[in-house]
Amino acid sequence: MPTKMFSAALPRVGALAIAAGLLSSSLASAQRATPPPATQAGDLSALDLEQLMKLEVVYAGSKRAQLVRDVPSFVSVVTAAEIKEHGYRTLADVLKTLPSFYVSNDRNYSYVGVRGLSRPGDYSSRILMLLNGLRTNDNVFDKAYIGEEFIVDVDLIERIEVIRGPSAALYGSNAFFAVINVVTKQGRALQGAEVAATAASFGTYAGRASYGHSFANDVDVLLSASYSDSKGQRLYYPEFDKPATNNGIADQADYESFHKLLATATKGGFSFQASNVSREKGVPTASYGLIFNDTRTHSVDALTLGSLSYNRSFSNGTALSSRIHAGSWTNYGSFVTDLRIDPVRADEVGKWFGADVDARRTIARHLLTVGAEAQDNTAQNESVYEPNPYAVYTDVRNKSVRWGMFAQDEIKLFTPLTFYAGLRYDHYETFGSAMSPRVGLIYTPGTATTVKLLAGRAFRAPNAYELYYDNPVLKANPLLQPERIETLELVAQRLIGGGVQVSASAFRNHLSSLLSQRVDFSDNNRLEFVNADRIDSRGIEVGLEVNRGHGVTGNLTYTLQRTEDHATSAELSNSPRQMVKTELRAPLGIAGMTIGTDAQYLSSRRTLSGKIDPSYVVTNATLLAPRVFGKFDVSATLYNLFGAKYWDLGSAANVQDVIQQDGRSFRVKTTLHY
Amino acid sequence: MSALFAGARAHAQSSSDEAQIKAAFVYNFLKFVDWPAEAFHTPQDPFVVAIVGESDTADATERFLGAKLVGTRPIVVRRLKWDQSLTGVHAVFIAERDAKRQHHVFEAATAASVLSIGEGEDFASRGGVIGLLIDDRKVRFDIDTDAAQSAGLRVSSKLLALTRVVHSSAARAGTRP
């Protein structure tokens, strides 16, 4: 992240790809959301057992468990079974298969693009990433990690709830395009010990040991530790193809290693959770100004979260949830700028603690939810220095406090029609206050059809990096205001029989006050962030979801969107106009094995320099054999099966206009249950 | 039971919708179990459902069953304490989580030919007949046919076909815990 400092010479162009995929994928993939039958109590009486068994439950949509169908947003849910059947390694792998999302990787981090917006150089701060309802975005960059930097091993994920649309009315800042809630497994899902071992391309080896159990007296415990080490690839960059820079070859510079720890314990209404990740990545691209092919350039990201929560349902029908939590985050970067001195260090440190509480109560036709939260950021520090000889370029330390409160009313107007209205007020010591309203109308005329009309506003608070980072090339701007988004979305889904469900949606987003860097010509050409950009986005999305029974399921989604700068009407860079995603899962009929395949197509994108990054198709396939010899789960995956050549965009910090992504690779994984 | 944010939120956190779906399941269970002849004296006798303990699902079950029928019999819902007699009761929804109290209710239910229904992955392996749970974010249920048999109840094969796990001395031989 601090490589921004060295990219100072190249200001970010205003028309950075802000492809806000307006296409609200209202499509739910086969096992992802929106079961056909209705969900109001009246309708439930009419359902038989088989129909009841199709209903699915999700939580993060309105801070309580509800059927995906009833969430006032477009939702996708991905389960542990799908993660195994498709060999997903990270949240990035999962998001790539979902409508509305696409991922860019610069060999340092993975960045998420939503609904056509993924400006090269932006961090993934326009989605809110929750772990069991707890915010994981750090307090310096407000960034969501979606690669191996994410705090939990994918094997421990019970399900991932992806709630598109502005959910600031419930969650506050960063719930701009989507909220992603990662729910981890409980001990009872393991009922014993588990050991997993992985071998994969590029010299990758990983291992995990977990133990989970549910005991009498309502106690449930889960413990897990994971470790991975990857040598990475020998990479070629034509931009550096000169004898002085090793003819463009970066060797042993793409390494990655990490460890992750998770501990959860619940008893009755109490729940404790502690998690930690530390991930080191070599950066082979020699972002602007760094020495090429020096393996010492790397970044280390670490995040530790702890929380204690208590939930209670009272006999008068009120349900209460409360939590206290604390977090510590660090990003340490080492950058080789000059062979005569030790690598420059750019370190960020964030520490915080907070509390939140919410209560729900049904009164007549109203389901009311109210809540409040507060967070004290005790450290939001950034420093850049040369360790030897010691010289400090920047040493910025900050603290701040923020709090918010919200209320939501879900009104059953009459049986097929439910109305949602929510409002949240946030107060930040840094910029002041923000109000986030949201309304939704959900119409379910029969058991097979749902129509949702949704409108909302969300914001993204300026983060500590944008506000305060100050050094010879980057300029602080403490007067920054939040970014805003207004979304209008129409979603329709219908079960047409034969296990087939079709969906369609249309949406438009107006983004304003987007924070972008501009050159301050009156101040030594230093870069500073300003609330400058306005972006408009609109699109449609259609999809098909098929469940043929006997374990054969599949889906196909198509997205068409256009995102452009409001002032110039120029289409943004890194904003693919079309995306097609498809998945298929089927049992092989021998030994309980299944095959899971998925493919994604992205249409061409404009790069920062105005060139075209061509379209591509990537296909993956996984063979899963459960319970080999009664004890081992074995899976073998081929990623990018056909060896497609494709590139993601470089940012202003990169010399490279486009950065080539992985070719064909494999992974073999075996899990032993005791 | 699905911890909504699994690991961070526990049983108490069921929502009205999840509870309502479970209540709908409870209603359906009543239709697919046979009681011994002595359980009813006349065809007009009401179908008595007892609720022991407190939970969202218990409340939703009470509301859901309120005005409904099992066959031609109207359902009557009574909230009882764990140590009260189950005479005259046909089904009991046990929201009580204390192990000793649950066990007491199980014994009373077996003796009085009462169908015991509850929540949790281990409900049907600790003495309950039908246990509701969330699996892969859908509501599922496990059945203990031995417990049903001990109570003089017969579970319809239709219900057994849809159950996730059948606990019985026969099944225990080969199933993974």
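How many of the ten residues of helix α2 (residues 56–65) of chain B are buried? Eight of the ten are, and the helix is mostly covered; a residue counts as buried if 20 or more other C-beta atoms lie within 10 Å of its own, as exposed if 12 or fewer do, and as partly exposed in between, with C-beta atoms placed from the backbone. This is a predicted model, in which local features need pLDDT of at least 70 and side-chain atom pairs count only at pLDDT 80 or more, while totals for chains, interfaces and linings use all residues. Residues are numbered from 1 along each chain as its sequence is written, and chains are lettered from A and ligands numbered from 1 in the order in which they are written.

The buried set in α2(B) consists of B:D56, B:T57, B:A58, B:D59, B:A60, B:T61, B:F64 and B:L65. Helices (H or I, at least four residues) and strands (E, at least two) are DSSP runs, numbered from the N terminus. Chain B contains six helices and ten strands, and 52% of its 177 residues are buried.

Eight strands of chain B form an open sheet with mixed pairing, in the order β3-β4-β2-β5-β6-β7-β8-β10; two strands pair if DSSP finds at least two bridges between them. Strands β3 (69–70) and β10 (165–167) of chain B are at the edges with a single partner strand each, so one side of each has no neighbour in the sheet. Helix α2(B) lies across β2 (47–52), β4 (73–80), β5 (91–94) and β6 (115–119) of chain B, at about 160° to β2(B). Axes are lines fitted to C-alpha atoms, for helices over the stretch in contact (C-beta atoms, placed from the backbone, within 7 Å), and angles run from 0 to 180 degrees between N-to-C directions. Helix α3 (residues 99–111) of chain B lies across β2, β5 and β6 of chain B, at about 170° to β5(B).

Strand β6(B) is largely enclosed by the rest of the structure, because five of its five residues are buried. In a regular strand, side chains alternate between the two faces of the sheet. B:L115, B:I117 and B:E119 point one way from β6(B), and B:S116 and B:G118 point the other way. β5(B) and β6(B) pair in the parallel sense over four bridges, with B:V92 opposite B:S116. The chain passes from β5(B) through α3(B) to β6(B) in a right-handed β-α-β crossover; right-handed means that, with the strands pointing away from the viewer, the path from the first strand over the helix to the second runs clockwise. On to β7(B), β6(B) runs parallel and is joined by three bridges, and B:G118 has B:G131 as its bridge partner. Strand β7 (residues 130–135) and strand β8 (residues 138–144) of chain B pair in the antiparallel sense over six bridges; B:L133 is partnered by B:R140.

Chain A has an open sheet of five strands with mixed pairing, in the order β3-β8-β9-β6-β7. Its edge strands, β3 (75–79) and β7 (134–135) of chain A, each pair on one side only. Strands β6 (residues 127–131) and β9 (residues 178–184) of chain A pair in the parallel sense over five bridges, and A:L131 has A:V182 as bridge partner.

Definitions and conventions
Two residues are in contact if their C-beta atoms, placed from the backbone, lie within 7 Å.
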